[in-house]
Amino acid sequence: MRRPAYERLTWAQYEKGLEANQDLNARVHAGAYRALASRRRYIPKADGRYRPLGIAALEDKIVQAAVAAILTPVYEAEFLGFSYGFRPERGQHDALDALAYGLGKRRINWVLDADIRSFLDVESYCPLAYAG
């Protein structure tokens, strides 16, 4: 059965057809699972521009959560204590608290603040990405 480019299934709809969806695990393990194309929506920003947002299909969210549950403990051990980005139980407020503590308790000569605007919005500028 051919699936549409993206499916707008709800959790309730997926649960109703759960027997038909039992093969998801088998498809993933066999390498036969193919992610659906994400729906693209644009979110308005304060400056009038739009930020692209990709909305994954429900089945893709299930697979992504399963992969994250398996890989997070593996990679979590590799992160340094002062790393906060995209880690469980750590967020931007924790990073700011650590920064405030460090600035208050240590002699700091300089602080670097970087805003990399639209870094992932355009193609890579890395020369190796175009090496053929």
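How much accessible surface does the protein chain have, and what share of it belongs to carbon and sulfur atoms? The accessible surface comes to about 11800 Å², and 58% of it belongs to carbon and sulfur atoms. Accessible areas come from the Shrake-Rupley method with a 1.4 Å probe, and for residues only the protein chains shown count as cover. This is a predicted model, in which local features need pLDDT of at least 70, side-chain atom pairs count only at pLDDT 80 or more, and totals for chains, interfaces and linings use all residues. Residues are numbered from 1 along each chain as its sequence is written, and side-chain values use heavy atoms, with hydrogens and water left out.

Start with the overall layout. The protein chain has 4 helices and 2 strands. Along the sequence they follow the pattern α-α-β-β-α-α. Both kinds of element are DSSP runs numbered from the N terminus: helices are H or I with at least four residues, and strands are E with at least two. Of the 132 residues, 11% count as buried. Buried means under 20% relative accessible area, exposed means over 50%, and partly exposed lies in between (1.4 Å probe, protein chains only). Among contacts with a separation of 6 or more, 44% are between residues 24 or more positions apart.

Now look inside. The largest nonpolar core has 5 residues: Tyr14, Leu24, Tyr33, Leu58 and Val63. Such a core is a set of buried Ala, Val, Leu, Ile, Met, Phe, Trp, Tyr and Cys residues joined through side-chain atoms within 4.5 Å. Leaving aside neighbours within four places in sequence, Tyr14 is in contact with Leu9, Asn21, Leu24, Leu58, Glu59 and Ile62. Leu24 and Leu58 on that list are also members of the core.

Next comes the strand β1, which spans residues 39-44 and holds Ile43. Ile43 counts as partly exposed because its relative accessibility is 32%. Beyond four places in sequence, Ile43 is in contact with Arg49, Tyr50, Arg51 and Leu53. Leu53 is 10 residues away from Ile43 in sequence, and their C-alpha atoms are 6.9 Å apart.

Helix α3 covers residues 58-76 and includes Val74. Val74 is partly exposed, at 48% relative accessibility. Val74 also belongs to a nonpolar surface patch of about 570 Å², together with Val67, Ile70, Leu71, Tyr75 and Phe79. Patches are made of residues with over 30% relative accessible area and no salt bridge; like charges are joined within 9 Å, and nonpolar side chains (Val, Leu, Ile, Met, Phe, Trp, Tyr) within 5 Å. An α-helix has 3.6 residues a turn, so residues three or four places apart point the same way. Gln64 is in helix α3 too. Gln64 is partly exposed, with 47% relative accessibility. Its C-alpha atom is separated by 9.9 Å from that of Ala35, 29 residues apart along the chain.

Charged pairs come next. The structure holds 4 salt bridges. A salt bridge is a side-chain nitrogen of Lys or Arg within 4 Å of a carboxyl oxygen of Asp or Glu. In one of them, Asp23 pairs with Arg27, with the closest N and O atoms 3.3 Å apart. Asp23 is partly exposed, at 35% relative accessible area. Asp47 pairs with Arg49 at 2.9 Å between the closest N and O atoms. Arg49 is partly exposed, at 36%. Glu76 pairs with Arg87, and here the closest N and O atoms are 2.4 Å apart. Glu76 lies in helix α3 and Arg87 in the loop between α3 and α4, so this pair ties together parts that are 11 residues apart in sequence. Glu76 is partly exposed, at 23%, whereas Arg87 is buried, at 9%. Salt bridges that share partners also join Asp23, Arg27 and Glu59 into one network.

Stay with the loop between α3 and α4, which also holds Glu89. Glu89 is not a glycine, yet has a positive phi of about 65°. Glu89 counts as exposed, since its relative accessibility is 78%.

The tour ends at helix α4, residues 92-105. This helix has 14 residues and reaches 20 Å from first C-alpha to last, close to the 20 Å expected at 1.5 Å a residue. The expected span is 1.5 Å times one less than the number of residues. Helix α4 is hardly covered: the count of buried residues among its 14 is 1.

Technical notes:
Contact means heavy atoms within 4.5 Å.
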